[in-house]
Amino acid sequence: LPGPAVSAVIARLMPGANLEAVLRAFEGWRDVTVYTVAQQEDMLLKGSVDRARRQLLLFRVLLTVISAVIMALIIYTLTLDKLHPIALLKLIGAPNHVIFGLILQQSIIMGALAYGVGYLIGQQLFPLFPRRVLVMVDDLFSLGVIVLVISVFASLLGIWKAMRVSPNEAIG
């Protein structure tokens, strides 16, 4: 009876051993491919790990864009609800930068609250994941900057609408 099939052979070379001679010996075997440690790591990183990394990147980008759109729509809707008070502010002489600041401040507060809630929920849920989740300080900082940028851009649609409001709308 033939012995069991060999799936892999791991060879550790002694210091001073001739790597090329060992590689030639293994390559002489039929149906055998020889890989060094560096080649194996490269194959793994360019194969399934790279595919998973790209998929996660796609999900992150999609979630970021969707979050930005939702936040922009919320800020816009909140601005629409306040068009009469904004027109009243303009009527009594409030400068545009005050109205601009109010909408921007509202958007940044929403973003900060979302960041805080997300952080707290993550701290509670990550220990329950089947694999260990490491969130580094640099990751938290980067996410904070992304949330700030999304908050600023999300407020632009509301600011645009508020700047187009005529003070006469407060009267009519």
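**Helix packing and the nonpolar core**

Modeller: The buried residues of H6 pack against helix H3 (48-81), H4 and H5. Please bear in mind that this is a predicted model.

Biologist: Which residues of H6 are buried?

Modeller: They are Ile150, Ser151, Ala154, Ser155, Gly158, Ile159 and Ala162.

Biologist: What span would be expected for H6, and what span does the helix reach?

Modeller: H6 has 27 residues, for which 39 Å is expected at 1.5 Å a residue. From first to last C-alpha the helix reaches 38 Å, close to that value.

Biologist: Where does H6 bend?

Modeller: The bend is at Leu156 and amounts to about 30°.

Biologist: Why is Thr79 called buried?

Modeller: Buried means under 20% relative accessible area. Thr79 has 1% relative accessibility and therefore counts as buried. This residue lies in helix H3. Beyond its neighbours within four places in sequence, Thr79 is in contact with Ile86, Ile103, Gly158 and Ala162.

Biologist: What makes up the largest nonpolar core?

Modeller: This core has 10 residues: Ile75, Leu83, Ile86, Ala87, Ile99, Ile103, Ile159, Ala162, Val165 and Ala170. At least two residues come from each of helix H4 (83-91), helix H5 (96-125) and helix H6 (137-163). H4 gives the most, with 3 residues. Such a core joins its buried members through side-chain atoms within 4.5 Å.

Biologist: Which residues is Ile99 in contact with, leaving aside its neighbours within four places in sequence?

Modeller: Ile99 is in contact with Ile86, Leu89, Lys90, Ala162 and Met163.

Note on methods:
Residues numbered from 1 in each chain as written. Predicted model: local features only at pLDDT ≥ 70, side-chain atom pairs only at ≥ 80, totals over all residues. Heavy atoms only, no water. Buried < 20%, exposed > 50% of the residue type's maximum accessible area, 1.4 Å probe, protein only. Helix = DSSP H or I, 4+ residues; strand = E, 2+ residues; numbered from the N terminus. Contact = heavy atoms within 4.5 Å. Expected span 1.5 Å × (residues − 1). Bend = angle between axes of the 7 residues up to and from the residue.
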